[in-house]
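Subject: Structure handover

Hello,

Here is the structure you will be working with. My notes follow below it.

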Amino acid sequence: MAAQVGKKYWLGDCWLEPDTRLLTRGDQAIRLANLPFQVLLFLIEHRDRLVSRTELLEVFWQGSDVYDATLTQCVGTIRRALADHKDNPRFIETRWAGGYRYIGPVEEQLVQLAPSVVEIERTRGVQFIVEEEIHDSQPEAGPAASIHTPAPARPAPRTKRNRRALVLLSVGVLLCVLTGVVLLSLRARGRAGDSRPVQVSALAQLDSIAVLPLKNLTGDPAQDYFSDGLTESFIMELARSKGLKVISRGSVFAFKGKETDPREVGRRLNVAALLEGSVYKSGERVRVEVRLVNTEDGRVLWASDTYDRTLGDIFTIQDEIARGVTSGLRLKLSGAGAPAAAKRYTNNHEAYEAYLKGRYYWNRRTAENLLKAIGQFQIAIDRDPQYALAYAGLAETYAVQETNGAVPPRTAAPKAEASAQKALALDDTLAGAYAALGLMKSFSDWNWPEGERMFQQALAREPGYATAHHWYANSLLAQGRFEQAEAELKRAQELDPLSLPIANSLGETYYYARQSDRCIAQAKAILDLDPQSGYARKLLSWAYRQKGMYQAAQEELGQQGGSTYDRALIFAAAGRRTEARKLIGEVERSAAATNSPFAIAGLYAALGDKQMAFAWLEKAYNARQADLASLKVEPAFDPLRSDPRFADLIRRVGLSE
């Protein structure tokens with residue numbers, strides 16, 4: 001009889017051989033009883049989707065839920081064999097009240113089978129119950145572990161089961177083969193609960209997507225920059241598809257490292273589909289696997305091949321996945337479909353890795369991380385002087401440094417503008433470069449019309465860029481264009497619904513528009529997102545002060561350790577002038593006198609001391625302090641608005657009508 005072909009699977013550090021039922025690591029066999037072995041094999045063969053507990057019980061225990069605890073124990077045995085951990089899984093992912101999915105690395109290899117093995121293969125797919133000792137004192141911790149289940153009936157003696165199996169085999173190989181074909185075809189349909197095949201008409205409605213952070217399977221947090229950066233690259237590529245709403249990084253990274261239910265994520269982000277997957281990087285090789293999941297029912301709509309390439313091919317992997325996902329969505333929107341051919345911004349993978357590290361640090365926005373981002377973007381440019389994306393990243397980083405007050409005024413602004421111009425000279429389609437220019441023209445140069453033009457250029461290139469909508473809204477807010485600012489922030493929230501900075505800016509908009517009740521409602525919405533938010537407490541305090549509720553305003557400050565500045569404003573507004581002056585003196589003697597003359601001017605204005613208020617405003621103007629951008633809308637300066645000196649300052653900051 002001619003030898004037949006079978007498969008074995010390489011799982012990253014061990015081999016699984018289905019037909020000889022062996023699991024080995026190096027030269028050592030890994031003990032795994034038959035039932036856990038078969039469950040592991042089933043999960044590997046169906047790794048493109050979530051396999052429900054119901055399905056596993058049906059396949060291996062004839063659907064009887066009295067074996068639910070046995071299934072939990074079985075998965076725990078698999079984890080121990082693979083040295084996997086439930087809380088940070090590399091191989092078996094658990095979905096609460098859902099099921100399991102194999103997420104680890106897999107490579108298939110064809111092997112020749114002996115005739116005796118072929119005969120055994122013919123019987124695979126026959127559904128049968130196997131009761132066996134799993135010898136585990138520490139069952140898998142999961143939802144079923146705490147549920148009382150009836151004790152299963154005592155299994156028949158092994159001799160009887162063996163005899164029954166022999167009888168089954170002798171009744172007819174044909175019946176076995178037929179049964180196997182039927183079962184395998186059912187499994188291939190990808191059922192999970194109610195498991196009808198996905199209809200093309202249903203896919204036509206999937207016009208929105210979120211790319212969840214790719215899992216870093218190396219187990220080394222130092223490699224997070226690579227999986228995070230690759231996630232951002234996919235977001236950027238998919239955002240280029242017209243008619244496709246793509247959720248921004250800020251919201252999707254709220255789910256990093258968490259076990260998620262696709263239906264819950266879909267509800268929170270208001271999207272129809274999720275792209276999820278994993279990255280394994282070792283030396284100069286990288287392996288990427290992704291899946292497209294329907295958030296309505298958790299079914300896998302499309303799964304990529306396993307991309308196992310050298311780092312030099314990472315750009316090709318991105319292109320292929322972006323095309324595959326949009327093809328999987330089968331969008332029927334006007335102008336929608338596969339994204340435009342992705343630009344290859346660099347062919348130097350060292351430059352690309354440095355760029356990913358730069359974005360990794362930029363997204364953290366602290367002064368220290370901004371410096372690290374600048375260093376990485378510069379390394380990327382040194383490796384490839386024509387790398388337009390790296391120049392755009394550098395421009396955005398310098399722009400944030402300038403407007404956040406991380407550096408002295410006008411220190412980073414020229415660098416931001418120069419980097420943005422260089423990026424646009426290389427590629428005039430980069431939204432990030434235009435957004436950085438918009439931020440600098442508005443808040444550093446006080447050229448608000450030119451800043452607005454730059455923001456509009458950014459959004460024309462990339463309508464789904466939430467950061468550009470956010471920054472543009474801040475520019476509109478400074479000009480007193482409250483309704484337009486709110487509209488831009490609402491659009492930014494659609495694209496980045498869990499972003500706290502965007503939610504904070506919306507609260508500020510209502511405060512500056514003197515809509516204190518809406519500010520209070522927004523602050524409470526922020527607390528729903530982040531109960532520890534000190535900024536939400538600050539917004540509540542501002543709004544209560546604006547409404548004349550001084551005790552409530554003070555109480556909110558007490559919950560988050562309010563600043564001397566905020567307490568002084570409350571005393572000034574409440575007419576407690578002696579206490580207010582004492583606190584103002586403390587502020588003047590602190591570092592704020594140098595770093596924020598604008599804030600001290602606001603305190604004197606609230607107190608009604610115009611001469612001191614204008615003296616400090618002139619200091620702020622001479623220092624080109626970025627906070628002057630809020631001069632037109634800051635309620636603290638309301639007592640000065642009828643003074644010609646205030647109108648003149650508004651004109652000099654470019655904020656006249």
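This is a predicted model: local features need pLDDT of at least 70, side-chain atom pairs count only at pLDDT 80 or more; totals for chains, interfaces and linings use all residues.

Residues are numbered from 1 along each chain as its sequence is written, and side-chain values use heavy atoms, with hydrogens and water left out.

**Sheet**

Helices (H or I, at least four residues) and strands (E, at least two) are DSSP runs, numbered from the N terminus. Two strands pair if DSSP finds at least two bridges between them.

An open sheet is built from 3 strands in the order β5-β7-β6, with antiparallel pairing. β5 (51-52) and β6 (92-95) are the edge strands; each has a single partner strand, so one side of each has no neighbour in the sheet. β6 and β7 (residues 99-102) run antiparallel and are joined by 4 bridges. Glutamate 93 has arginine 101 in β7 as its bridge partner.

Two helices go with this sheet. Contact means heavy atoms within 4.5 Å. Axes are lines fitted to C-alpha atoms, for helices over the stretch in contact; angles run from 0 to 180 degrees between N-to-C directions. Helix α3 (residues 68-82) packs on the sheet and touches β6 and β7. Its direction makes about 150° with that of β6. Helix α1 (residues 34-45) lies across β5, β6 and β7, at about 70° to β7.

**Hairpin**

β13 (residues 285-294) and β14 (residues 300-303) run antiparallel, joined by 3 bridges. Arginine 291 stands opposite alanine 303 in β14. The two strands form a hairpin with 5 residues between them. Glycine 298 in the turn has a positive phi of about 80°.

**Threonine 231**

Threonine 231 is in helix α8 (residues 224-238). It is buried (under 20% relative accessible area, 1.4 Å probe, protein chains only), at 0%. Beyond its neighbours within four places in sequence, threonine 231 contacts Val211, Leu212, Pro213, Leu214 and Phe253.

**Cavities**

A cavity is a set of points on a 1 Å grid over the protein atoms alone where a 1.4 Å probe fits but cannot get out; lining residues have an atom within 4 Å of a point. Grid points are joined across faces, edges and corners, and a volume is the space filled by probe spheres set on the points.

There are 4 cavities of 30 Å³ or more.

Best wishes

Key:
On a 1 Å grid over the protein atoms alone, a cavity is a set of points where a 1.4 Å probe fits but cannot get out, and a pocket is an open set with protein on both sides within 12 Å along at least five of seven lines; lining residues have an atom within 4 Å of a point. Buried means under 20% relative accessible area, exposed over 50%, partly exposed in between (1.4 Å probe, protein chains only).
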